[in-house]
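Have the sequence and the model at hand as you read.

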Amino acid sequence: MSEEILISLKDVSAGYDGVNILKHIDFEVRTNDFIGVIGPNGGGKTTLAKLLLKRIAPTSGSVTYSPALKRIGYLPQADATDKAFPITVKEVVKSGLQSKKGIFGRYNRQDDKLVAQIMKRCGIAHLAAKTIGELSGGQRQRALLCRALVSSPQLLILDEPNTYVDNKFESELYELLKELNKEMAIVIVSHDLGTITSYVKSIACVNGCLHYHNSNTISQEDLDRYECPILLVTHGDVPHTVLETHKSTAHCNCGDKK
């Protein structure tokens, strides 16, 4: 797979209600990328994800999408599914094909086969007939991940996917993402630097500005230089992270964006 640019952000600022959360950032997502996005709460991680997903428009700068990028899969931070709504897991996963089918498109046996394959790959084939409200948090995230994957996206974006899930799902998720990265680009927003560095290929530190680190090996000196308020604490060979008190992003120096 060639290293084609799928999305390019140039000098982009973006935010809400006239207040920019992200300021003058440059960022690219290429085929084969597996990028971990880290930073403090309110620093702009989810805003970046919304930009990539076209859910918000930049207040300045440009966002360019490659014609090769036909579909983007998305696993949101919080599950907005109405747990009281009587929809089965199979139907939730199948709804991920709507972008291909259109509003009035009809599903066929090939669609059912595809849904069954992706549920088997994610370990929830046995839950197909269960309603979404019957599932645990981890099982529900698996179903939503299947929905994000069933349309065969060229890019998968995950926003804090380990929130409200069990440890078993979390460990299996990262192994699955490692395999999926052979087929698609991945951008994962996470507060858990210690875990994602074992899997991602590069790191974007977001705290008003965006600093791209083209490696999954990052030092405390790098984090300090990028003004990313995360403190690495190492016990033996196992890295841990805690969030330091950080400066207001209003004073972020964006002169060194890359």
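Helices here are DSSP runs of H or I with at least four residues, strands are runs of E with at least two, and both are numbered from the N terminus. Please keep in mind that this is a predicted model, in which local features need pLDDT of at least 70, side-chain atom pairs count only at pLDDT 80 or more, and totals for chains, interfaces and linings use all residues. Residues are numbered from 1 along each chain as its sequence is written, and side-chain values use heavy atoms, with hydrogens and water left out.

Now step back into α4 itself, residues 109-121. Its end C-alpha atoms lie 18 Å apart, which agrees with the 18 Å that its 13 residues should span at 1.5 Å a residue; the expected span is 1.5 Å times one less than the number of residues. At the start of α4, a side-chain oxygen of N108 comes to within 3.0 Å of the backbone nitrogen of Q110.

Which residues of α4 are buried? They are D111, V115, I118 and M119, where buried means under 20% relative accessible area, exposed means over 50%, and partly exposed lies in between (1.4 Å probe, protein chains only).

Leaving aside neighbours within four places in sequence, M119 is in contact (heavy atoms within 4.5 Å) with V89, K90, V93, I124, A125, A128 and C146. M119 is also among the residues that touch the most other members of the largest nonpolar core, which has 45 residues. Such a core is a set of buried Ala, Val, Leu, Ile, Met, Phe, Trp, Tyr and Cys residues joined through side-chain atoms within 4.5 Å. Apart from it lies another core, of 28 residues, including L9 and L22.

Finally, the whole view: the protein has eight helices and 11 strands, and 48% of its 258 residues count as buried.

Key. Polar contact = N/O pair within 3.5 Å; in protein donor to acceptor, adjacent residues only side chain to side chain.
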